[in-house]
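Dear colleague,

Please find below the structure for your review.

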Amino acid sequence: MVCFSLAIKSFSQTNRQTVYLEQDKCGFDEILARSLLKMFGDHWGYDYDSLLVDLQRWGESPYVSVDSLGASVQNRALWELTITDTNEVKPKRAIYIHARTHPGEVQGFWVTDEIINLLTSESDFAKFMRRKCVFYIIPMYNPDGVELEYPRENAHHVDIESNWYAATVEPEVATLRNRFIELMNSGSPIEVALNMHSAYACKRYFVYHDPVGTSPAYSVYEKLFIGDVRFYYLFGIEPWNYFVSWKTGTPLKYPESWFWLNYSENVMALTYEDINCENAGNYGKTAAAIIHGISNYLALENRTVVVDQIEPPVNFLLEQNYPNPFNLSTTISYYLPGRSEIVFRILDTRGREIKTIETGWQETGYHEFNWQATGLPSAIYFYQLTVAVQKNGAIRRISMVKKCTLLK
Ligand SMILES: [Zn+2]
């Protein structure tokens, strides 16, 4: 299994221009999956009975209602929580979250569990989100797989993550698809749909869809969404270009494919991958980043009002350009923790300036631009961000440099 996936990786790297094989976004590793099952205990430490106990507890909250949407192959209920403040104005902004499609990826559930804790709490932020939004959450989308201890599949041995365009879809897929259609036709259609997994690659990331499989406009929204979440957990969640999928078109497989093909730019539908290895943890921080990110993305309110118990990034950050190597055009992004005066330059390998791209004052937050290397020969270049910082009355300049390769 491991050797096979390595072979695919090196093959796709050497033939990037002509052949692209869609990588498994969860980075499934059978040997690791078995050892994690041993480590976490039966059913990866959280089974269908654990869910029934929690449903009882969650259902006691005045902001939660619990319903069964349908049944799995082995007739277990697919439970959905609705979390909102029912006294408040409508229409509400709707967010859909479903977790544990792949039963072995229990960390995606633990993040979801912390999302439920956050949204049912009495914090000002939770009250605000309940007033403005309605959250629909399925904590365990594949209960049969959890009970049977199949890391990836349902009781029919089908991966219901990629069954959305099969000739005959599984009952779990049919149930969720019908629910999505019902909500999309309601007065509060879904605007954000998150599909909670966790990755054997031991990183936290969103699965970004290339504009080839979506649209240029949608890819900008994706970057905005991922940037909004990362703002609250900068060094915990990878940048948007960590995992790029759909480079050759829309694969007829996933819930995100279904959303894209039916509702295009109207729904921000993304897979989130939490960490599935010994380094797992920080579920509360991750959950808070996701919900604060959603609040910013939907422009629910001024960012400064809703920030609580969250540390925004304090450091400057210059990210690796994407794509790299590149042919004429590449995207460079960086983060400024405060309003700063910057200079952005391109240098050659001997440190000589080739071009100044940008100078002047810029606001706090993420900045991104597209560099067109028109007229330059194929070579290695450096890009340099210099920021002027005031410290103890004196101006200090901080420089960050990264290498990129132009290949024509
Ligand atoms: Zn998965």
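In sequence, the donor residues of the zinc ion follow the spacing C-x75-H-x2-E-x91-H, where donors are N, O and S atoms within 2.8 Å of the metal (3.2 Å for Na, K and Ca); water is not among the atoms, so sites may look incomplete. Cys 26 lies in the loop between α1 (2-14) and α2 (30-40) and His 197 in strand β5 (residues 190-199), so the pair ties together parts 171 residues apart in sequence. Helices (H or I, at least four residues) and strands (E, at least two) are DSSP runs, numbered from the N terminus. The zinc ion is coordinated by Cys 26 (SG), His 102 (ND1), Glu 105 (OE), Glu 105 (OE) and His 197 (ND1), at 2.0 to 2.5 Å.

This is a predicted model, in which local features need pLDDT of at least 70 and side-chain atom pairs count only at pLDDT 80 or more, while totals for chains, interfaces and linings use all residues. Residues are numbered from 1 along each chain as its sequence is written, and side-chain values use heavy atoms, with hydrogens and water left out.

**Disulfide**

The whole structure holds one disulfide (a pair of cysteine sulfur atoms within 2.5 Å). This disulfide joins Cys 202 to Cys 277, with an S to S distance of 1.8 Å. Cys 202 is in the loop between β5 and β6 (205-206), and Cys 277 in the loop between β9 (268-275) and α10 (283-297), 75 residues apart. The link of Cys 202 and Cys 277 is right-handed, with 55° about the S-S bond.

Yours sincerely
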